[in-house]
There are 2 protein chains.
Amino acid sequence: MNKLEELQKKNEIVNYYIHARELMMWDLSTLAPKNAKQKLADGMTFFSTEIFKLTTSDEYYNLICELSKPEVFEPLDEAMRFEVAKKRRDLEKKRRVPIDFYEKYVGILNESTVIWPEAKQNSDWSMYEKALKNTIEAVKEYQKYTDPDKETYDSLIELFEEGMTQSQIDKVFDELKAELVPLVEAVTSCKQPDGQKFKIHIPKHEQIALCDYLLKYMGMDMDSFCMAESEHPFTTSMSVKDARITNHYYEEDVISAIFSCIHEGGHALFEQNIADKYDGTDAARVDYMGLHESQSRFYENILGRNINFWRPIWNDVCEIVPEFKQFTVEEFHEAINHVENSYIRTEADELTYCLHIILRYEIERAIFAGTVEVEDLPTLWNEKTNELLHITPRNDAEGILQDTHWSDGGFGYFPSYLLGSIYDGMFLEQIEKEMGDVDAILAAGNITKIHRFSLQIFLTEKPLILENYLLLIFHRVLQH
Amino acid sequence: MNKLEELQKKNEIVNYYIHARELMMWDLSTLAPKNAKQKLADGMTFFSTEIFKLTTSDEYYNLICELSKPEVFEPLDEAMRFEVAKKRRDLEKKRRVPIDFYEKYVGILNESTVIWPEAKQNSDWSMYEKALKNTIEAVKEYQKYTDPDKETYDSLIELFEEGMTQSQIDKVFDELKAELVPLVEAVTSCKQPDGQKFKIHIPKHEQIALCDYLLKYMGMDMDSFCMAESEHPFTTSMSVKDARITNHYYEEDVISAIFSCIHEGGHALFEQNIADKYDGTDAARVDYMGLHESQSRFYENILGRNINFWRPIWNDVCEIVPEFKQFTVEEFHEAINHVENSYIRTEADELTYCLHIILRYEIERAIFAGTVEVEDLPTLWNEKTNELLHITPRNDAEGILQDTHWSDGGFGYFPSYLLGSIYDGMFLEQIEKEMGDVDAILAAGNITKIHRFSLQIFLTEKPLILENYLLLIFHRVLQH
């Protein structure tokens with residue numbers, strides 16, 4: 001067996017472990033019975049630890065080093081070159097983490113993943129406080145091993161946006177905040193369209209049928225896709241043939257499920273269109289979450305809140321949800337473009353959403369700068385909500401407990417949502433330059449043309465130029 | 001680490017692998033997208049092989065041998081004594097299977113598991129024929145390794161009914177068949193209650209809500225249970241805190257989902273009530289499938305088809321399924337006790353069901369006696385259906401392709417269903433002797449008393465006397 005085959009053999013095992021762990025995570029978040037969750041969390045810890053042990057072993061690392069030698073490296077295909085180079089960079093860092101600590105770290109994260117949904121459901125901060133404190137300490141310690149010379153929050157941001165720093169984000173977000181706060185104030189002081197009239201009872205099975213219809217309309221390959229329910233909507237992918245989203249259905253608020261579905265659907269479309277040949281390699285994994293979020297938020301906001309998205313399908317929508325027959329597509333369009341300061345990020349409108357992200361970014365920055373204690377987080381959250389959105393959460397489920405991200409150690413992720421929104425505007429500009437007016441394309445029922453175009457840029461044709469393409473966008477953001 | 005701790009450490013890893021494999025199987029059969037199924041089947045093959053390698057290794061076997069020495073064995077607790085003795089018996093057999101063959105064997109089974117549902121959906125025998133042929137050959141070869149001195153079908157039966165043989169089953173089934181065929185003829189020649197009037201459109205979401213209600217009524221701990229959809233209803237269990245059933249909903253035939261739910265619910269109740277202390281050990285695994293089926297069929301037939309099961313809940317049932325308001329509980333009771341020769345085993349009534357099993361038993365016997373070729377199986381199936389049930393399947397989905405069992409090599413399982421039905425009558429007798437009239441208990445809405453009683457006998461109090469208890473029943477069956 002040559003070195004490449006040796007690596008592929010080992011990666012095959014790693015991929016089975018990843019599949020098992022991701023499926024356990026999916027199951028834990030969707031269908032698993034309450035009393036089964038601890039066992040699933042334990043299983044995830046076990047497989048994460050096995051993966052860590054296997055990939056940070058001397059044997060695996062030496063294989064990567066052998067394959068990095070120019071005479072071996074150059075003849076590899078592009079996916080393997082990408083894989084070897086990335087693994088080498090990653091392993092230099094990860095091999096500094098002691099395995100005992102890693103096992104403890106994953107255990108803390110998984111425990112917190114089990115506690116958070118219960119705390120949120122009960123709106124009980126005291127249930128979660130200790131788990132969050134442990135998570136923050138564990139994350140700090142982990143990053144100190146991997147990036148001893150960096151500020152913790154910088155190394156966290158790098159997990160989701162390679163090459164980006166707090167100071168770069170500060171620059172963009174501070175400028176945005178300075179203009180956004182008065183803009184939101186100006187908009188919300190005007191009379192807003194009636195957002196309430198769609199808050200009617202729509203049975204869950206109708207909402208599910210509607211989501212199913214919308215995903216097909218967006219161009220989802222339903223043979224490589226599935227959908228389930230969870231507390232918090234998310235997307236995951238077991239392979240390029242297995243993209244999955246979840247949703248949460250509120251029978252009195254159908255618009256929540258509709259836009260979660262379009263958002264997660266954007267992520268899933270991106271995942272299921274990665275070229276087959278990269279499946280199971282690092283080349284198929286997108287480590288720029290701003291890019292991933294740009295896809296989901298492009299569908300959610302730029303397409304989904306456009307009346308022309310809805311015009312060609314309004315009759316079908318009303319067949320699936322007969323309660324909508326009393327409304328026109330114009331009324332629906334108004335309702336989904338209602339701007340209002342609100343508590344929940346995932347349900348916020350396009351405009352105030354940005355402030356929800358800035359709030360989280362500032363809190364995360366404070367946590368890792370050490371300028372706030374964990375016990376003071378609910379108060380800080382409420383103060384910042386008041387400062388940015390002029391409202392105060394009525395309970396912790398509406399405040400500090402609302403998001404899943406921190407429960408599995410995902411600090412540093414939030415900025416990517418807003419970066420994604422910034423990229424969106426640029427995509428729109430580029431798409432219109434190359435394809436013409438998006439309103440007209442949508443109105444003609446040709447949404448999948450847009451989809452094919454954006455995927456063509458990013459994935460199908462030239463997946464590995466993604467880095468360069470993104471850098472180009474970064475420069476435009478940063479020079480803005 | 002002493003030998004016991006060493007075994008427990010190894011079993012912990014084995015249990016994580018089992019959990020991963022079972023979850024992949026569950027996912028493959030329920031929610032997984034079509035294009036993801038091959039990867040899940042590959043994952044199952046991988047984990048099955050790893051489990052096989054680990055447990056048949058010299059290291060593992062030597063550990064079991066060490067723990068079998070009287071001075072080490074005697075002080076173990078009852079669960080570990082059971083585990084060590086059983087593992088020793090099993091490993092003597094399994095260690096004769098070459099690992100290369102095992103890997104091939106599991107691959108063949110998993111491939112066939114992927115092909116079968118497609119073949120059934122398309123009613124296309126030609127899609128499945130080769131996979132079934134490979135499966136039969138692989139199963140024969142496997143049994144030749146594990147039980148070189150036994151007839152293949154005897155060793156297959158033993159997988160599900162330890163200590164039982166073809167000739168014992170022949171004796172019971174031949175006698176039953178001789179009396180059943182004329183009995184069914186006599187019953188079906190009488191006017192039957194109208195089974196058609198409940199074949200009205202009941203939306204899937206109402207059927208799901210009804211199943212959920214029935215499971216709670218039966219006493220299911222919903223915090224340790226979940227339910228999904230699949231082509232063929234089944235029960236699985238990831239731990240004593242994680243019993244799962246699937247169902248298949250036909251919107252024009254609600255009675256199908258109701259009785260599948262009660263049947264699988266009986267299995268799940270049994271699984272979720274195994275004492276915690278046996279979880280993850282062999283003592284928690286019931287290798288007498290007749291006993292398992294006796295629980296499911298007891299709920300389905302003895303309780304579920306009794307009008308007193310329905311009387312206390314009929315109002316609730318009609319609230320959940322408003323279409324039922326036009327019927328009385330008496331009409332429903334008649335419809336669910338309708339006897340008719342029909343094509344599909346899982347939907348057959350209590351009486352003709354027995355003939356469906358005898359049909360399968362006779363075909364399996366012929367397959368392993370070598371008196372039928374695989375290509376002739378559809379014809380043999382149809383001839384036997386005609387002989388026993390006086391009808392001829394109109395297509396292979398109604399005939400040879402209807403059951404999932406053969407697709408994963410589960411030959412020898414079918415007799416357990418009928419053995420279970422035979423035990424049921426004995427349980428009823430015993431329960432009435434100890435608790436009084438079951439009709440009265442049901443009519444008073446006290447179904448969970450029966451449940452607690454039967455579990456008390458079998459599991460909660462004295463799980464390891466199960467073998468003896470079962471032998472007692474065997475004797476009664478065989479002496480009958």
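Let's start with one pair of residues: in this predicted model, A:Met227 sits opposite A:Ile245, which belongs to β3(A). If you want to find the strands around that pair, look for β1(A) and strand β3 of chain A, residues 242–247, which are joined in the parallel sense by five bridges.

As a quick reminder, strands in a sheet pair through backbone hydrogen bonds, in either a parallel or an antiparallel way.

Let's hop over to chain B. Here too, three strands make an open sheet in the order β1-β3-β2, and the pairing is mixed. β1 and β2 (235–239) of chain B are the edge strands with a single partner strand each, so one side of each has no neighbour in the sheet. On average, neighbouring strands of this sheet are turned by 25° against each other, ignoring direction.

How do the strands of chain B run? β1(B) and strand β3 (residues 242–247) of chain B are parallel and joined by five bridges, and one pair to look for is B:Phe225 with its bridge partner B:Ala243 in β3(B). β2(B) and β3(B), on the other hand, pair in the antiparallel sense over four bridges; there, B:Thr235 stands opposite B:Ile245 of β3(B).

Is strand β1 of chain B mostly buried or exposed? Four of its five residues are buried, so the strand is largely enclosed by the rest of the structure. Lying across β1 and β3 of chain B is helix α10 (residues 204–218), which runs at about 155° to β1(B).

Next, how do the two chains relate? Chain B superposes on chain A by a rotation of 180° with 0.0 Å of shift along the axis, and the RMSD is 0.0 Å. That is what a two-fold axis does. The same surface serves both copies, with 100% of the contact residues of chain B recurring in chain A. If you'd like a landmark for the axis, take B:Ala20: of the residues of chain B, its C-alpha comes closest, at 2.7 Å.

And what lies between the chains? 34 residues of chain B are in contact with 34 residues of chain A. The area buried between them is about 2900 Å², and carbon and sulfur atoms give 66% of that. Between chain B and chain A there are two salt bridges. Have a look at A:Arg244 and B:Asp27, whose side chains meet in a salt bridge at 2.7 Å, N to O.

A:Lys197 pairs with A:Glu331, with the closest N and O atoms 2.8 Å apart. This pair links distant parts of the chain, 134 residues apart: A:Lys197 is in the loop between α9 and α10 of chain A, and A:Glu331 is in helix α15.

Compare that with A:Lys216 and A:Asp212, another salt bridge, at 3.0 Å. Both lie in helix α10 of chain A, four residues apart, about one turn of the helix.

Last stop: B:Arg394 and B:Glu398, whose closest N and O atoms are 2.4 Å apart. B:Arg394 is exposed, at 60% relative accessible area, whereas B:Glu398 counts as buried, at 14%.

Key
Residues numbered from 1 in each chain as written. Chains lettered and ligands numbered in written order. Predicted model: local features only at pLDDT ≥ 70, side-chain atom pairs only at ≥ 80, totals over all residues. Heavy atoms only, no water. Pairing = 2+ DSSP bridges. Helix = DSSP H or I, 4+ residues; strand = E, 2+ residues; numbered from the N terminus. Least-squares fit on C-alpha atoms with pLDDT ≥ 70 in both. Contact = heavy atoms within 4.5 Å. Buried < 20%, exposed > 50% of the residue type's maximum accessible area, 1.4 Å probe, protein only. Buried area = accessible area lost by both parts, 1.4 Å probe. Salt bridge = Lys/Arg side-chain N within 4 Å of Asp/Glu carboxyl O. Axes fitted to C-alpha atoms, helices over the stretch in contact; angles between N-to-C directions.
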